[in-house]
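Thanks for coming. I will go through one structure, starting with a term that we will need along the way.

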Number of protein chains: 4
Amino acid sequence: MELNEVRGQLRRFVEEREWAQFHSPDNLAMSISIEAGELLECFQWGVENRAEARLELADVLTYCLLLADRLGEDPCDLVVEKLRITADKYPVEKARGSRRKYDEL
Amino acid sequence: MELNEVRGQLRRFVEEREWAQFHSPDNLAMSISIEAGELLECFQWGVENRAEARLELADVLTYCLLLADRLGEDPCDLVVEKLRITADKYPVEKARGSRRKYDEL
Amino acid sequence: MELNEVRGQLRRFVEEREWAQFHSPDNLAMSISIEAGELLECFQWGVENRAEARLELADVLTYCLLLADRLGEDPCDLVVEKLRITADKYPVEKARGSRRKYDEL
Amino acid sequence: MELNEVRGQLRRFVEEREWAQFHSPDNLAMSISIEAGELLECFQWGVENRAEARLELADVLTYCLLLADRLGEDPCDLVVEKLRITADKYPVEKARGSRRKYDEL
């Protein structure tokens, strides 16, 4: 399915339930953190719960798409814009095979 | 830009830097939580830092796309699959205008 | 130093700066999540930054103490109350050496 | 109850269950993030669930005490050490009544 069709489905889902009133940017950012915690729980104590992880990742993605919408941003453009910034901070020659932060490269 | 093109750019970015070795599912889930915290910080104390929020949202999205890739999942399919589950838990008639959890509807 | 002396120092720190007005329970819960993310970052990609971790742990603890105060709770009593609940969910004989959740024991 | 007595109870709880093997610093930091997310959920969508919040705060505090133990740190000393650093970054005259970050004061 195309991302724009997914975004359309999400918008209809929210509209039908009249939930846009709760979807302020700070509320959505809170929800992203909450769901990110639930995703992390799928890997707690070194055990992996793959079936749960799929669905929790879906939750994080969903709130990210809703926040992008609320901020009037295209999610693909956002990711590409940030990727350029990160690529500059982590040039291939310096960053290859390293897990150090850019200010320690 | 199309999502598949974005995903391709992310894959090339990771490959060039030989970072796939660090991108275990649990490490990516940790990174999603870390970036979700930085996104939340853009709304701390009731102040909104929109310029920062855009880029932190991009970071969360980026790690979500990388985790979807690592789990062999299509991000759009994941969101739609979960949306169906949520729609069942929150039927329109019960959920309209309410911010209650499904078990309290 | 005694915990009550620490709590007193925190209260004076907040009072002098007139920050209690920002310390609503939800704002403090947000700050705990933000600092928990910064703590987690000290362990990102399997590297441990111990010097940073100490101070980020201090931040999480600080906001926890402030939230306990705001909710009118004694932090020690809270921990002990919850420990009893957890001990019931994880009886020694079943839980010994296991990292499973209580509903899978 | 005294904090040292609480810490002793926590240690016995862990020892009886032979759980110290799972309590690496990174695993404990993950657990702090997970529980911080559950605490935040008690304030999702602007609703406050006080009864849940108390117990989730207890969970965050518990893992913080366990991590302090694991790092060989006294939790009270940690908080006071960090408070001094924060007091320097936020001098009373500049910070009074302001919710700005120290680099914007």
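A residue is called buried when its relative accessible area is under 20%, exposed when that value is over 50%, and partly exposed in between, using a 1.4 Å probe and protein chains only. Arg17(C), for example, counts as buried because its relative accessible area is 3%.

Some housekeeping. This is a predicted model, in which local features need pLDDT of at least 70 and side-chain atom pairs count only at pLDDT 80 or more, while totals for chains, interfaces and linings use all residues. Residues are numbered from 1 along each chain as its sequence is written, chains are lettered from A and ligands numbered from 1 in the order in which they are written, and side-chain values use heavy atoms, with hydrogens and water left out.

Let me begin with chain A and chain B. The same surface serves both copies, since 100% of the contact residues of chain A recur in chain B. Contact here means heavy atoms within 4.5 Å.

Now the interface itself. Chain A brings 60 residues to the contact, and chain B brings 60 residues. The area buried between chain A and chain B is about 5,500 Å², with 72% of it on carbon and sulfur atoms. Buried area is the accessible area, with a 1.4 Å probe, that two parts lose on being put together, summed over both. Of the area that chain A buries against chain B, Arg17(A), Arg54(A) and Val79(A) supply 11%, more than any other three residues.

Next, charges. Side chains of opposite charge can pair when their charged atoms come close. I count a salt bridge when a side-chain nitrogen of Lys or Arg is within 4 Å of a carboxyl oxygen of Asp or Glu. Over all chains, the whole structure has 44 salt bridges. How many are there between chain A and chain B? The count between those two chains is eight. In a salt bridge between Arg54(B) and Glu73(A), the closest N and O atoms are 2.6 Å apart.

Polar contacts come to 16 residue pairs between chain A and chain B, both residues at pLDDT 80 or more. A polar contact is a pair of N or O atoms within 3.5 Å; within protein, one must be able to donate a hydrogen and the other to accept it, and residues adjacent in sequence count only if both atoms are side-chain atoms.

Which element gives the largest share of the side of chain A that touches chain B? H3(A) does, with 13 residues. By class, that side of chain A has 37 nonpolar, eight polar and 15 charged residues. Ala, Val, Leu, Ile, Met, Phe, Trp, Tyr, Cys and Pro count as nonpolar, Asp, Glu, Lys and Arg as charged, and the others, Gly among them, as polar.

Thr62(A) lies in helix H3, residues 50–70. Helices are DSSP runs of H or I with at least four residues, strands are runs of E with at least two, and both are numbered from the N terminus. Thr62(A) is buried, at 13% relative accessibility. The side chain of Thr62(A) reaches the backbone oxygen of Ala58(A) at 2.7 Å. Leaving out residues up to four places away in sequence, Thr62(A) touches Leu10(A) and Val79(B).

The other is Lys82(A), in helix H4, residues 75–89. Is Lys82(A) buried or exposed? At 11% relative accessibility, Lys82(A) counts as buried.

Finally, other chains. Chain C and chain D bury about 5,500 Å² between them, and the count there is eight salt bridges. Within chain C, the side chains of Glu16(C) and Arg17(C) meet in a salt bridge at 3.3 Å, N to O. Glu16(C) is partly exposed, at 43%. Glu41(B) and Lys101(D) also form a salt bridge, at 3.5 Å. Glu41(B) lies in helix H2 of chain B and Lys101(D) in the segment after helix H5 of chain D, so the pair joins two chains.
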